[in-house]
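Biologist: Hi, could you walk me through this model? I'd like to start with the aromatic residues and then look at the packing.

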Amino acid sequence: MSELRPEPALAGDLPDLLALLAGCALPTSDLDERHLADFLVCRDGERIVASVGLERHATAALLRSLAVATAYRQRGLASRLVDEIVQHAWNRKQHEIFLLTTSAAGFFAARGFQPFDRRQVPPELAHCSEFRELCPASAVCMRRTLTADGPQ
């Protein structure tokens with residue numbers, strides 16, 4: 001196996017990305033080709049084995065679809081993907097990154113995200129499908145603020 005590095009998703013990656021996310025029990029019903037511009041993937045050969053994406057809204061973004069295929073876990077891929085997508089967000093002038101998680105609050109807390117009152121997210125995020133319908137009300141909302149100096 002070669003070194004698995006985050007790289008931008010390609011136009012034809014949607015079917016493989018959706019298969020990975022479904023295999024990791026993550027929502028896929030609202031994803032389409034237009035989202036791929038803000039997705040990173042790791043490949044083993046031609047196979048997508050890890051992913052993360054941003055859904056950008058004004059100056060805030062939603063981190064979504066962090067997934068690593070079971071056979072590729074415990075190799076630091078998720079951490080690497082989060083670092084890269086945070087840099088991606090900062091490069092695109094996003095000031096805050098939000099996420100919803102049912103199982104990885106500790107993982108994200110270790111990467112600078114803090115619990116945040118879901119009722120206080122910016123309206124443009126509150127109206128996206130992740131907040132409105134795809135993630136349960138029991139999901140933990142978290143936020144990471146990006147400074148003018150860059151991701152810390």
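Predicted model: local features only at pLDDT ≥ 70, side-chain atom pairs only at ≥ 80, totals over all residues.

Biologist: How many aromatic pairs does the structure hold?

Modeller: Three. Rings of Phe, Tyr and Trp (its six-membered ring) pair if their centres lie within 6.5 Å; planes under 30 degrees apart count as stacked, over 60 as edge-to-face and the rest as tilted. The ring centres of F98 and F116 are 5.3 Å apart with planes at 70°, so that pair is edge-to-face.

Biologist: And where do F98 and F116 sit?

Modeller: F98 is in strand β5, while F116 is in the loop between β6 (114–115) and α4 (123–126), 18 residues apart. Helices (H or I, at least four residues) and strands (E, at least two) are DSSP runs, numbered from the N terminus.

Biologist: Which residues do ring pairs link into a cluster?

Modeller: F107, F108 and F113. F108 counts as buried because its relative accessibility is 5%, whereas F107, at 23%, counts as partly exposed.

Biologist: What is F108 in contact with, sequence neighbours aside?

Modeller: Leaving out neighbours within four places in sequence, F108 is in contact (heavy atoms within 4.5 Å) with L63, L66, V82, L99, T101, F113 and M142.

Biologist: New topic: R64. Buried or exposed?

Modeller: Buried, because its relative accessibility is 2%. R64 lies in strand β4, and its side chain joins that of E55 through a polar contact of 2.9 Å. A polar contact is a pair of N or O atoms within 3.5 Å; within protein, one must be able to donate a hydrogen and the other to accept it, and residues adjacent in sequence count only if both atoms are side-chain atoms.

Biologist: Last one: which residues of α2 are buried?

Modeller: They are L77, A78, L81, V82, I85, V86, H88 and A89. Seen down the axis of α2, they fall within an arc of 160° (taken from the directions from the helix axis to the C-beta atoms), so they line one face of the helix.

Conventions
Residues numbered from 1 in each chain as written. Heavy atoms only, no water. Buried < 20%, exposed > 50% of the residue type's maximum accessible area, 1.4 Å probe, protein only.
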